[in-house]
Amino acid sequence: MRCILLGPPGAGKGTLSESLQKEYNICHISTGDMFREHIAAKTDIGKLASSYIEKGQLVPDQVVIDMAKDRILRPDCSQGFLFDGFPRTVAQGEALNVMLREMGSALDAVILLEADDDMLVGRLSKRRVCGKCGAVYHLVNKPPVKEGICDLDGEQLIQRADDTEAVIKDRLRVYHEQTAPLVDFYDNLSLLIRIDGSNKASEVAADVLKALTSRH
Ligand code: AMP
């Protein structure tokens, strides 16, 4: 399975990735996670990326494209992959098509998670993540058993610096301006599957699995 998860920040791409990864046993590539790892390791890419991420802006295309290409060529992606947060511009989508053609490969589907902006602001501003394993919680819908502590490894939960209300609004504006054109781009390639991302995570996963199964 070679898939892309498309959708605004907070639509549930990360949570859905966990279900799809279990189902298909394919590698999950989150460019946002890759940047956060670079930032934590204080690499040159991390230093460059943080100045964009802090403001809710996109990291320049060429930096993301090079990083994605490097990742997709690794052996663990040979059986399939799930891109989460890439591509985010039409230029990245075109570059991915070229990469896949060079590899003799092609996409099976692009899953679009749809949800309205007010719901996304509510979800993201109450999102907390484990600083160590990255597990995702929501203060109201999915609180941890012990306040502020990850259920899985007992580490401290944190609020991502770009999950504050002001930055969330910038991220949504950037999504509508720069990423939303990919919806038509993939629809024209007959790859798009539209899913209602406002439902519960378990229902979203079930809807996606049903849609993917009926395509094959
Ligand atoms: P995410 O965790 O997917 O929400 O990504 C966090 C941030 O990383 C985004 O707001 C962007 O600043 C940056 N980023 C992640 N993926 C990309 C991409 N494909 N293109 C440009 N910037 C990206």
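Helix α9 (residues 201-215) lies across β1 (2-6), β4 and β8, and runs at about 155 degrees to β8. Helices (H or I, at least four residues) and strands (E, at least two) are DSSP runs numbered from the N terminus, while angles run from 0 to 180 degrees between N-to-C directions of axes fitted to C-alpha atoms, for helices over the stretch in contact. This is a predicted model, in which local features need pLDDT of at least 70 and side-chain atom pairs count only at pLDDT 80 or more, whereas totals for chains, interfaces and linings use all residues. Residues are numbered from 1 along each chain as its sequence is written, and side-chain values use heavy atoms, leaving out hydrogens and water.

**The sheet**
- Five strands make an open, parallel sheet in the order β2-β3-β1-β4-β8; strands pair if DSSP finds at least two bridges between them.
- At the edges stand β2 (27-30) and β8 (192-196), each with a single partner strand, so one side of each has no neighbour in the sheet.
- Strand β4 (residues 109-114) pairs with β8 in the parallel sense over five bridges, and V110 has L192 as its bridge partner in β8.

**The cores**
- The largest nonpolar core has 32 residues, and F81, F83, L96 and Y186 have the most contacts inside it.
- Such a core joins buried (under 20% relative accessible area, 1.4 Å probe, protein chains only) Ala, Val, Leu, Ile, Met, Phe, Trp, Tyr and Cys residues through side-chain atoms within 4.5 Å.
- Helix α4 (residues 61-72) gives the most to this core, with five residues.
- Another core, of 24 residues, lies apart from it, with L82, I195, V204 and A211 among them.

Definitions and conventions
Buried < 20%, exposed > 50% of the residue type's maximum accessible area, 1.4 Å probe, protein only. Contact = heavy atoms within 4.5 Å.
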